[in-house]
Amino acid sequence: MPVPPLDIDGALVARALSLDVAYFRRLMDAGKVTVLCERGTGDDSGCYRASFYHAGQRARFVRDRSGQWQPA
């Protein structure tokens, strides 16, 4: 099963990490923000969870089957 594009608005993640958007993007470019993306199985098939980590903080989002990202 092909994985769909999993684009998420950087401003959404930056806000969740209490960061300025431009600063968040610089951190991402520098590899200072790590990301874990998980694909749902069983009842959660078609859903994805993305967790972003920086400086001891975590921002987690779930992408539902309709493609919308929601804070988890």
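Leu 12 sits in helix H1 of a predicted model. With a relative accessibility of 24%, Leu 12 counts as partly exposed, a class that lies between buried (under 20% relative accessible area) and exposed (over 50%), judged with a 1.4 Å probe and protein chains only. Beyond residues up to four places away in sequence, Leu 12 touches Phe 61 and Trp 69, where contact means heavy atoms within 4.5 Å. Leu 12 and Phe 61 are 49 residues apart along the chain, and their C-alpha atoms are separated by 9.5 Å.

**Basis of the model**

- Residues are numbered from 1 along each chain as its sequence is written, and side-chain values use heavy atoms, with hydrogens and water left out.
- Because the model is predicted, local features need pLDDT of at least 70 and side-chain atom pairs count only at pLDDT 80 or more, while totals for chains, interfaces and linings use all residues.

**Overall build**

- The chain has 2 helices and 4 strands, in the order α-α-β-β-β-β from the N terminus on.
- Helices (H or I, at least four residues) and strands (E, at least two) are DSSP runs, numbered from the N terminus.
- The C-alpha trace spans about 35 × 20 × 20 Å along its principal axes.
- Of the 72 residues, 28% count as buried.
- Among contacts in the chain with a separation of 6 or more, 26% come from residues 24 or more positions apart.

**Surface and charge**

- The chain has an accessible surface of about 4,800 Å², and carbon and sulfur atoms make up 49% of that area.
- This area comes from the Shrake-Rupley method with a 1.4 Å probe, and for residues only the protein chains shown count as cover.
- The chain carries 10 positive and 8 negative charges, whose mean positions are 4 Å apart.
- Lys and Arg count as positive and Asp and Glu as negative, with His and the chain ends not counted; each charge is placed at NZ of Lys, CZ of Arg, CG of Asp or CD of Glu.

**Nonpolar core**

- The largest nonpolar core holds 13 residues, of which Val 13, Leu 17, Phe 24, Phe 52 and Phe 61 touch the most other members.
- At least two core residues come from each of helix H1 (10-16), H2, strand S2 (48-54) and strand S3 (57-63).
- S2 gives the most to this core, with 3 residues.
- Such a core is a set of buried Ala, Val, Leu, Ile, Met, Phe, Trp, Tyr and Cys residues joined through side-chain atoms within 4.5 Å.
- Val 13 is in contact with Ile 8, Phe 24, Phe 52 and Phe 61, once its neighbours within four places in sequence are left aside.

**His 54 in strand S2**

- His 54 belongs to strand S2 and is buried, with a relative accessible area of 16%.
- Its side chain reaches the backbone oxygen of Lys 32 at 3.2 Å.
- That pair is a polar contact, defined as N or O atoms within 3.5 Å; within protein, one must be able to donate a hydrogen and the other to accept it, and residues adjacent in sequence count only if both atoms are side-chain atoms.
- Not counting residues up to four places away in sequence, His 54 touches Leu 17, Leu 19, Leu 27, Lys 32 and Val 33.

**Ends of helix H2**

- At the start of helix H2 (residues 21-29), a side-chain oxygen of Asp 20 comes within 3.1 Å of the backbone nitrogen of Ala 22.
- Gly 31 follows H2 and has a positive phi, near 75°.

**Loop residues with positive phi**

- Ser 18 is not a glycine, yet its phi is positive at about 60°.
- Ser 18 is in the loop between H1 and H2 and counts as exposed at 62% relative accessibility.
- Ala 55, also not a glycine, has a positive phi of about 50°.
- Ala 55 is in the loop between S2 and S3 and counts as exposed at 68% relative accessibility.

- Glu 38 lies in strand S1 and counts as partly exposed at 28% relative accessibility.
- Glu 38 touches Cys 47, Tyr 48 and Arg 49, not counting residues up to four places away in sequence.
- The C-alpha atoms of Glu 38 and Val 62, 24 residues apart along the chain, lie 9.4 Å from each other.
- Ser 45 is in the loop between strand S1 (34-39) and S2 and counts as partly exposed at 34% relative accessibility.
- Leaving aside neighbours within four places in sequence, Ser 45 is in contact with Gly 40 and Arg 65.
- Ser 45 and Arg 65 are 20 residues apart along the chain, with 8.2 Å between their C-alpha atoms.
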